[in-house]
Amino acid sequence: MDLERMTMPINTRIHAILTESEQDAIVTALDFWYAYNAGTIKADDFEQGRLAFQEFGSENVSDLATKIANLF
């Protein structure tokens, strides 16, 4: 791995063009991750997260992850 390429100044801004469904998927994932790490997640949140993932589609999640990874 090229560590120089992976190192970015803290003030770097990355811009991405996202569809509305991609933006919704990211917001949902970040909300779930925050609740999980904050210890405020409820049992129903796991089911809601699973349903949201299924609704967006696993192939779309993979495509979105690749899109974001390629921004760097």
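Predicted model: local features only at pLDDT ≥ 70, side-chain atom pairs only at ≥ 80, totals over all residues.
Of the 72 residues in the chain, 8% count as buried. The chain exposes about 6400 Å², and carbon and sulfur atoms supply 57% of that area.

**Aromatic pairs**

- The structure holds four aromatic pairs, and one of them joins Phe32 and Phe46 in an edge-to-face arrangement, with 5.6 Å from centre to centre and 80° between the planes.
- This pair links distant parts of the chain, since Phe32 sits in helix α2 (residues 20-38) and Phe46 in helix α3 (residues 43-56), 14 residues apart.
- Phe32 has a relative accessible area of 26%, so this residue is partly exposed.
- Phe46 is partly exposed as well, with a relative accessible area of 42%.
- The rings of Trp33 and Tyr36 make a stacked pair, because their centres are 6.0 Å apart and their planes stand at 20°, and a stacked pair needs planes under 30 degrees apart.
- Both Trp33 and Tyr36 belong to helix α2, where three residues, about one turn of the helix, separate them.
- Trp33 counts as exposed because its relative accessible area is 53%, and the cut-off for exposed is over 50%.
- Tyr36 has 42% relative accessibility and therefore counts as partly exposed.

**How the rings join up**

- Ring pairs link Phe32, Trp33, Tyr36 and Phe46 into a cluster.
- Which residues does Phe46 touch, leaving aside its neighbours within four places in sequence? Phe46 is in contact with Phe32, Tyr36 and Ile41.

- Ile14, Ile68, Leu71 and Phe72 make a nonpolar surface patch of about 310 Å².
- Ile14 counts as partly exposed because its relative accessibility is 36%, and patch residues need over 30% relative accessible area.
- Ile14 and Ile68 are 54 residues apart along the chain, while their C-alpha atoms are separated by 9.6 Å.
- Phe72 lies in the segment after α4 (58-69).
- Is Phe72 buried, partly exposed or exposed? Phe72 has 45% relative accessibility, so this residue counts as partly exposed.

**To take away**

- For the rings, the picture to keep is a cluster of Phe32, Trp33, Tyr36 and Phe46, in which the pair of Phe32 and Phe46 links helix α2 with helix α3.

Conventions
Residues numbered from 1 in each chain as written. Heavy atoms only, no water. Patch = residues over 30% accessible without salt bridge, like charges linked within 9 Å, V, L, I, M, F, W, Y side chains within 5 Å. Areas by Shrake-Rupley, 256 points an atom, 1.4 Å probe, with all protein chains shown as cover. Salt bridge = Lys/Arg side-chain N within 4 Å of Asp/Glu carboxyl O. Helix = DSSP H or I, 4+ residues; strand = E, 2+ residues; numbered from the N terminus. Buried < 20%, exposed > 50% of the residue type's maximum accessible area, 1.4 Å probe, protein only. Phe/Tyr/Trp six-rings, centres within 6.5 Å; stacked < 30°, edge-to-face > 60°. Contact = heavy atoms within 4.5 Å.
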